[in-house]
Amino acid sequence: MEAKTAFQSKTIVTDLVLPSETNPINNLFGGELLARMDRAASIAARRHSRRIVVTASVNHVAFNRSVPLGSVVTIEAKVSRAFTSSMEVYMDVWIEDRESGECIKANEAIYTFVAVNETGRPTKVPELIPETELEKERFKAALRRKQLSLVLAGKMKPDDASELKALFE
Ligand SMILES: CC(C)(COP(=O)(O)OP(=O)(O)OC[C@H]1O[C@@H](n2cnc3c(N)ncnc32)[C@H](O)[C@@H]1OP(=O)(O)O)[C@@H](O)C(=O)NCCC(=O)NCCS
């Protein structure tokens with residue numbers, strides 16, 4: 001299976017914030033953003049694996065900045081690391097200033113997807129080659145995040161989380 005670059009999975013989704021998608025103070029509802037990110041990330045994971053992909057976990061979401069009604073929101077998703085059947089997808093969320101067109105970073109999120117076959121069994125994915133400095137940074141930290149996610153899900157013993165333990169040594 002040929003390794004792929006992060007760039008090959010790059011997925012950009014741009015959409016508006018409409019009234020039905022906001023909370024009572026006219027900002028984008030958090031769950032709506034989570035769903036939009038899930039869609040963008042699943043496309044990135046599919047582009048990397050060329051397989052059916054399912055969301056395995058939402059590892060991190062930071063709602064740093066609210067997204068007002070009428071905003072133009074852009075989600076950029078890229079696979080940051082591929083393991084055996086799972087892929088970490090890193091997303092950056094931007095809001096476009098109406099007058100200047102300048103893009104302001106609003107949020108970040110990290111989801112994990114698993115490639116599966118027609119019966120839902122995990123299946124192998126290609127390795128990921130990080131190219132830019134940021135991609136290399138995200139690639140390096142992904143194993144630690146995978147271990148944390150597995151420990152929290154009760155699927156890994158804390159003692160086996162070598163990368164995570166190394167943080168505290
Ligand atoms: C995700 C799923 C396929 C994993 O199946 P599983 O039987 O646990 O399979 P495995 O234990 O072999 O794990 C498969 C991979 O998922 C990873 N994984 C499983 N749970 C994880 C979690 N909580 N966080 C991070 N990675 C996880 C494993 O580390 C493994 O990765 P690797 O092959 O790259 O090393 C299965 O749990 C599933 O189908 N879940 C439902 C998915 C879904 O419907 N999502 C939409 C929710 S509405």
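This is a predicted model: local features need pLDDT of at least 70, side-chain atom pairs count only at pLDDT 80 or more; totals for chains, interfaces and linings use all residues.
Which residues of helix 1 are buried?

View 1. The buried residues of helix 1 are Leu-33, Met-37, Ala-40, Ala-41, Ala-44, Ala-45, His-48 and Ser-49. When the helix is seen down its axis, these buried residues fall within an arc of 160°, and they therefore line one face of helix 1. On the face turned away from this buried side, helix 1 carries the exposed residues Gly-31 and Ala-35.

**View 2. The length and the end of helix 1.** Helix 1 covers residues 30–49, and because its 20 residues should span 28 Å at 1.5 Å a residue, the 28 Å between its end C-alpha atoms agrees with that expectation. Just after helix 1 comes Arg-50, which takes a positive phi of about 55°.

View 3. Five strands, in the order 2-4-5-6-3, form an open sheet in which the pairing is antiparallel. Strand 2 (11–16) and strand 3 (52–63) stand at the edges with a single partner strand each, so one side of each is left without a neighbour in the sheet. On average, and with direction ignored, neighbouring strands of this sheet are turned by 25° against each other.

**View 4. Strand 2 beside strand 4.** Strand 2 and strand 4 (residues 72–82) run antiparallel and are joined by six bridges; in one of the pairs across these strands, Ile-12 has Glu-76 of strand 4 as its bridge partner.

**View 5. Two helices and the sheet.** Helix 1 packs on the sheet, where it touches strand 2, strand 3, strand 4, strand 5 (86–96) and strand 6 (103–116), and its direction makes about 45° with that of strand 4. Helix 2 (residues 133–152) lies across strand 3, strand 4, strand 5 and strand 6, and runs at about 75° to strand 4.

Key. Residues are numbered from 1 along each chain as its sequence is written. Helices (H or I, at least four residues) and strands (E, at least two) are DSSP runs, numbered from the N terminus. The expected span of a helix is 1.5 Å times one less than its number of residues. A residue is buried if 20 or more other C-beta atoms lie within 10 Å of its own, exposed if 12 or fewer, and partly exposed in between; C-beta atoms are placed from the backbone. The arc is that of the directions from the helix axis to the C-beta atoms. Two strands pair if DSSP finds at least two bridges between them. Axes are lines fitted to C-alpha atoms, for helices over the stretch in contact, and angles run from 0 to 180 degrees between N-to-C directions. Two residues are in contact if their C-beta atoms, placed from the backbone, lie within 7 Å.
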